[in-house]
Amino acid sequence: MDFAHIPVLLEPCMELLNLAQRPEGVFVDATLGGGGHTAEILARTRGRVIGIDRDTDALRAAGERLAAFGDRFCSLHGNYANIISLLQSVGVDKVDGVLMDLGVSSYQLDNPERGFSFHHDAPLDMRMDQSAPLTAEVVLNTYPEKEIARILWEYGEEKWAARIAKFIVEARPLRTTMDLVRVIDAAVPAAARREVSHPARRTFQAIRIEVNSELSLLPGALRDALACLKPGGRLVVITFHSLEDRAVKRAFQTMQNPCTCPPKSPVCVCGKKSAGRIVTRKPVLPSAEECEQNRRAHSAKVRAFERGEGPLEI
């Protein structure tokens with residue numbers, strides 16, 4: 001498998017990072033993947049990029065792709081939720097911009113062995129970091145039925161969550177992705193299956209999010225990424241489904257207005273100050289041309305926040 005891919009929302013991200021104002025800056029690609037966004041940052045500036053990824057395959061591929069940039073690029077194995085300690089490990093305290101491209105990478109989806117896809121038969125893995133202990137197989141075969149139903153409802157917005165969870169527990173043990181697909185096909189009524197592009201899509205999304213703690217780690221990761229920014233530095237986040245986008249939107253709103261006073265209070269008494277400003281009043285969407293060229297851009301949105309001078313009080 002090749003880790004090459006088409007970077008989503010490339011031009012909007014480069015513009016939102018405000019590269020022209022920080023041509024010698026230090027930037028973080030907190031979800032390095034194939035290194036497409038990082039390559040553009042390095043090509044358009046004289047600065048440095050620190051790439052972070054959980055996936056050692058991504059780090060290897062990006063290292064090969066970006067070798068020509070020499071010491072202007074370095075990579076770190078880890079989770080973006082640990083961005084502060086990861087940057088400290090290479091002697092970096094503050095940076096000029098952070099980019100996060102959330103969700104599963106094209107390589108991970110297209111590599112059948114990783115178990116992310118419902119189109120291929122593979123072990124129930126779904127780990128972004130293959131050194132992590134929790135797999136989809138563990139979730140599906142050991143979690144209580146009510147907990148599986150909760151995950152499918154909260155992380156997949158699956159209206160048949162309770163029924164699918166019941167069928168999963170009854171079918172244990174599940175070993176492969178096709179085992180799970182067959183259970184979902186049996187659980188979801190035929191009429192409902194015709195209403196969606198694939199009846200397994202939401203369940204696979206939900207289990208993947210649980211395995212990788214994607215939503216539970218996101219608010220803290222956004223806060224810590226903002227804490228790493230210099231005044232005027234920007235945090236740019238690409239999301240691919242409504243749950244991620246809502247989490248980013250809420251976090252940015254709180255960063256801009258952390259006040260906890262009652263809405264009708266005539267003056268602020270909590271004393272909390274804004275950490276900066278939201279750059280994107282509405283999320284930036286891919287153009288029709290980009291959607292034609294890259295099918296995975298269809299659901300993408302990008303939002304950006306600029307760090308101010310005030311303290312981070314969220």
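How many of the eleven residues of helix α9 (residues 177-187) are buried? In this predicted model, local features need pLDDT of at least 70 and side-chain atom pairs count only at pLDDT 80 or more, whereas totals for chains, interfaces and linings use all residues. Residues are numbered from 1 along each chain as its sequence is written, and side-chain values use heavy atoms, with hydrogens and water left out.

Helix α9 is mostly covered, with eight of its eleven residues buried (under 20% relative accessible area, 1.4 Å probe, protein chains only); helices are DSSP runs of H or I with at least four residues and strands are runs of E with at least two, numbered from the N terminus. The buried residues are Thr177, Met178, Asp179, Leu180, Val181, Val183, Ile184 and Ala187, and their cover includes α6 (136-142), α8 (161-171) and α11 (201-212), where contact means heavy atoms within 4.5 Å.

Seven strands form an open sheet of mixed pairing in the order β3-β2-β1-β4-β5-β7-β6, two strands being paired if DSSP finds at least two bridges between them. Because β3 (73-77) and β6 (276-278) stand at the edges with a single partner strand each, one side of each is left without a neighbour in the sheet. The twist from one strand to the next averages 15°, with axes fitted to C-alpha atoms, for helices over the stretch in contact, and angles running from 0 to 180 degrees between N-to-C directions. Six antiparallel bridges join β5 (residues 229-239) to β7 (residues 301-307), and arginine 234 has glutamate 306 in β7 as its bridge partner. Helix α12 (residues 214-227) packs on the sheet, touching β4 (95-101), β5 and β7, and its direction makes about 150° with that of β5.

Conventions: Buried means under 20% relative accessible area, exposed over 50%, partly exposed in between (1.4 Å probe, protein chains only).
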